[in-house]
Structure formats: C-alpha cells, structure tokens
Amino acid sequence: MARHARVKALAGDLSFATSSPFAKLLDGCGQSRSARDARRVHARIIKTRFSAEVFIQNRLIDVYARCGCLDDARRVFDRMPEKNTFTWNAILGGLIRLGSLDEAEKVFGSMLEPDQCSWNSMLSGYAQHERFEEALRCFGKMHKENYVLNEYSFGSALSACAGLADIDLGQQIQALVSKSECLSDVYMGSALIDMYSKCRNVACAQRAFDEMSLRNIVSWNSLITCYEQNGPASEALEVFVSMMDCGFELDEVTLASVVSACASLLALKEGMQIHARVVKCDKFRNDVVLGNALVDMYSKCSRISEARSVFDRMPTRNIVSATSMVSGYAKAASLKAARVMFTRMMEKNVVSWNALIAGYTQNGENEEAFGLFRLLKREAIEPTHYTFGNLLNACANLADLQLGQQAHAHVLKHGFRFQSGEESDIFVGNSLIDMYVKCGAVEDGLWVFKNMLERDKVSWNAIIVGYAQNGYGIEALEIFRKMLASGERPDRVTMIGVLCACSHAGLVEEGRYYFKLMVEEYDLAPLKDHYTCMVDLLGRAGCLNEAQDLIETMPMQADAVVWGSLLAACKVHKDIMLGKYVAEKLLEIDPSNSGPYVLLSNMYAERKKWGEVVRIRKLMRQRGVVKQPGCSWIEIQGQVHVFIVKDKRHPSKGDIYSLLRSLLGQMKRDGYVAITDDYEAHEELSESELMSYEMEMPADAAVC
C-alpha cells in the first residue's frame, strides 16, 4: 500500500524538469512486476511534455514486457513515430522474454541496423527456448558479419551445443573463446564445464575447471553436477569436499547435487550428514528440489521410513516428490503402499506411471504391470520407451509370447526406431530381443536384431545369450564372430553367452580357447558364472577330473551352482566316487538342499546299492530335508493348467488319469520298461507299479 501511495503521489506531480523521475518510477514498477503501477505512471506521462520522448517510451516498452503485458508494450511500440536501436531492442527483448519467438524473428528481420545487443537477444532466445540449431546458425551469422562476440554470445552458443550434445562444435567455439578477451571470464568457464558435462565428457569438463583462474559457486556446482550425472559419483563428493575447503558457501543446488550423488552411491552415511546440514539451515528447509533429492536418496538406500518422514515434513511437494515415494515403496517391495501413494497423487505424469509399472515388474507382479499399462492407455497417457522396456520385461518374465507380440505391436505403433540420441530407445529393441528369446522365439528375436537402426553391446549380448540358452550353440558363435567383425568389443556377459554356446554345442576345444582368450585378449578376469559355464562344458563332455581341477583352482569360493553342475555330470557319466565327493561338498554349503541327496541316491540306485539309498533317504528325514515335488504347466486357450506330482485336485483328473493309463498300457505293449532306479521315477510310480520293484530291493529302501 505504501509503495502504491508513493507512486500515486510522485506520478501526480507533473512539474518534473526531466523525465528521469518517471524513469525511476518505471524501474520500480518493473522490479515489483506491478502492471497497475506501470499503467498509473504511464497515464501521468501522457499528460506531460515527455510523452513523445523516445527514452521514456523505451522504458515503458521494457517495463510492460517485464510485467507480462505484451499487448501494452506492443501498443507503445507501434504508436512511436520515432524509434531508435534501443526501441527495437526493448520490444525484441520483451517478445523473447514472454516466449513470442516467432514474432521476435519478424521484428529482428525488420531492423535496419541490429547491433550486438539485438543479435545476442535472438541468440539467447533461441537457446532458452531449445531451438538449438537456429541458435548456432544465428551465432554463425553474427561471427560472419564481424560482430564482436562477448561472454553472452559465447554462453548462449555453448548452451546450444550442450542441448544438442555436439561436442565437436562446442570445442570449435571454445577455440574462439580462447582467442577472445572472454578467456578468463568465470561465466565462460562455467558454461564450458556445463557444455562438456551435457556431452558426457567428464575429462574435458575437469580440464576446463582446472584452467579457470577464478571460480565461483556456479563453477563448482557445474563440476559437481557433471560427476553426479555422468560418474563416477564418488568424484562429486570429492569435489564437494574441496569446495568446502576453499571456503565457498553452499547453496541448494550444491546440496541437491551432492545428495543425488549419495543416492547413486547408496552412501547413506554421507547423505545423512548432508541432511543434518540442511536441517540446521532455515533457508534450505523449504527447498522442494532439495527435499525431493533427500526423498530419492533415502528411497534408494532402502530407508523408506526416513524417506516418508522427509516427504511428510515438506511444506511444498510436487509430482517429483510423490513419484520418488512410489519408487521407494516399490524398491522396498511395499507394492500396496506404492499403489496407495500413486492413487492419492493429484497429478500424475508418465514418469509416475513408469515408476509403479517398474515396481510391479521388478517384484514379479507381472500381471499387475500389464493391468496398470492398460489403465495408462485408458487415461490417454502417452507411454515412453521406459514404459515399453518394463512391459517387455514383464512378458519375458512370464514367457508369454502372445502378450509379448501385443507389446511389440504397441512399440511399432509408437514409431520406435531403436537408435541413439537425446532419447535413446535402443534398449527397447534390446528388451524385445530378450523377450522373444526367453519365449523360445529366437527367429523373431533375430528379426528384431537385424532391423534395429543401431545396436549396442547389450543388443549383441541379448541375441548371443538367447541363441546359446535355446540350444543354438553354433549359431550363437557365428553371431559372436559377426560382433567382433563389427568392431564391438565383448564384455563378461558376451563371454558367458559364448561359453554357454560351446557347452550346448559340445565344442570343448573352442570353449577352452575362448575361456583363455577372455584374459589374454580382452583383459576380462573370469567371474563365477564363467567358471560355471566351463564346468558345465567339461562335465557334458565327460572331462570330470578337469572340471574338478578347475573348480578347486578358482580364485573365488565355489558355490552350490558350480558343484551342482559337476554332480549332474557325475550322474550322467556314472562316476559314483567323484559324485560322492561332490555331493559332500554341496551338503557342506547347503545341507537343506534336496538336490544333492536325490542325485546321489539315484546314482546308488543305478548301481543297485540299496543300502546307500536307504542311508541317504534316512539322512534326509533326520535333517528335515524335503524334496519339492515336480511341477509343470501348460496354457490352453488363455488358461494356465498346473500339474504337480501326485496331485489329484485338477478338475479334469478323471480324464487325465484315464488317458495316462491308456498310454502306459500302449507303451508296455510296445516293449517299454519303466526305469525304476531313479528317485524321480520312484516318486511318480503308482502303488501297483511299485510292488514288483519293492520285491527286488530291501524294504527300507522304499521309504521316501
């Protein structure tokens, strides 16, 4: 009220000797963004001799633009009988500030003599409104016409390079900067760090920072953000410590970036220390971006109660806050709480939907993920590549080819091209390959692979592993050779696929060769999974002693999977002595696992050593080890039918067992003899079929 009264009093005095008091009044209106006061001052100016003065009219255009009154600014501009360069720049700046970039282009094109300020305004406008190519064309014309390039020109051009992630052009502009007076400008150094950060070149960003003779908080924040977004996140914490050592005062941008780095590193202790600093400083407590970062950090560190505590205390929340809580609950497998939080959100975007869909998929609730996707479509939300990535993972988890094909149809309708860029969608193609090979449709997976515009290492790995796991070892190795020919370097996942392919194809020498090549050619130290593949390969080929030697020379402790692979090979090749040794190793690792007991029992049964069979089964009973019954399922007309050993609950059990008896009778007439020395077979034999078997073995051996 006091300000309005002062404006009214001053504006009412028409006896000013110059227009300067009116100019000061207009500056105050612009700072307060008060359109009402600006119009009141304007009304008084009209009654004075200054109404036609170019200087005061220029100030009117500027203040109206600052107050968001573009029509008033344009009206003043259009009525001016005389205009100068400042007039044109004022309306140009106003149009750009209020987002009317196309109209600004027309005004700029009408200028007879645009100056450096005019060019910088257009250049800045293009960059701010993400019309990056036009910004760089504008910069090029400005340079070609020999206008002096200053820190604003270079800053906007570097911002455009950052938006396009065009590091080559960015380095050319840096070369121009190095020849100009702007080289030592702190603003320019920060712009270079940001550009290299957006281009994902951490080394160049660090070099630009190191070469700065003077730094400010923006410079430090830019470098911290660079490491937080591009990695290694641990370096973001190191830079943060150096920043504090240099005595710089932290702001909310600094703290939000450091908290995000803690989230990436799952560095709970450091994150809590930052949180303590936030709590102690009043100006940070209500910052929504910093609050969101803290919620996300606690969620990723599996401290969901702390995340909820921060969320509940935030005076202002936005869609990011709630989405972080949805992700946190999903990560903690609290899907019910995640769904409640999602349902209560007043506003949702596709990121919120993706967070819950991903939560369902990651926790094995694949049907729920599909239900949520259908709801997303009904709500007319446009799905993204992340949506389809999660959806295809759900199809792969279910091994449901029909659903996967429907998801593929949606992918095609949305025009995904499987190529890199600002919004790379290559991983959607990779998810499609993974889905098809897990559903056994390897040819469809190969079709997707061949039709991708671009492929990355994951694409090659998905198709190689897929072919290998589906038993197409020769084909998998052929694809691997094509991968090498394309210049793509294999990683550990690739080599798992290659060794698995050799195992399925029985290529022992090739497997040995590639296992050795991992270390010597590709500098990849074998992990436990690679040793498991080699043991499986050697075991299948009957090289049991070599497999045992490999296990016992592993640089890490062998687990149940590795020993289990060798035990299975011992059964196939009837090596009961080694089998007994391996089974003992397995029981040391996991005494409650029924697998070693069953395999060893079957091996003794094959040798008719019924006493050993009885001993093992009694040992199982004493240790409380129970063999899980065999289970299989089949889908018929959209309905899944599950079958468990000795299960009599199926509604069609009468028809099923009738057909089974008919098949068994026909098999016996054709000369089939039941294999009765196998634990699985013994478990599944009917009582009548067991009678003759039990007459040939000690009574105790029949106890299960």
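Student: Where does Ala-380 sit?

Tutor: Ala-380 is in the loop between helix H24 (366-378) and helix H25 (385-398). Helices here are DSSP runs of H or I with at least four residues, numbered from the N terminus. This is a predicted model, in which local features need pLDDT of at least 70 and side-chain atom pairs count only at pLDDT 80 or more, while totals for chains, interfaces and linings use all residues. Residues are numbered from 1 along each chain as its sequence is written, and side-chain values use heavy atoms, with hydrogens and water left out.

Student: Why is Ala-380 called exposed?

Tutor: Exposed means over 50% relative accessible area, with a 1.4 Å probe and protein chains only. Ala-380 has 68%, so it is exposed. Its phi is positive, about 60°, although Ala-380 is not a glycine.

Student: And what makes Asn-146 exposed or buried?

Tutor: Buried would need a value under 20%. Asn-146 has a relative accessible area of 68%, so it counts as exposed. Asn-146 lies in the loop between helix H9 (132-144) and helix H10 (151-164), and its phi is near 65°, a positive value in a residue other than glycine.

Student: Which peptide bond is cis?

Tutor: That is the bond from Gly-231 to Pro-232, with omega near -10°. Pro-232 is in the loop between helix H14 (217-230) and helix H15 (233-245).

Student: How are two packed helices described?

Tutor: By the angle between their axes and the distance between the axes. Helix H26 (residues 401-413) and helix H27 (residues 426-438) pack at about 160°, with their axes 10 Å apart. The axes are lines fitted to C-alpha atoms over the stretch in contact, and angles run from 0 to 180 degrees between N-to-C directions.

Student: What orientation do H26 and H27 have to each other, and how do you know?

Tutor: Angles over 145 degrees count as roughly antiparallel, those under 35 as roughly parallel, 65 to 115 as roughly perpendicular and the rest as oblique. The angle of H26 and H27 is about 160°, and therefore they are roughly antiparallel.

Student: Which hand does the crossing of H26 and H27 have?

Tutor: The crossing of H26 and H27 is left-handed. That term applies if the near helix is turned anticlockwise from the far one by less than a right angle; clockwise would be right-handed.

Technical notes
Helices (H or I, at least four residues) and strands (E, at least two) are DSSP runs, numbered from the N terminus.
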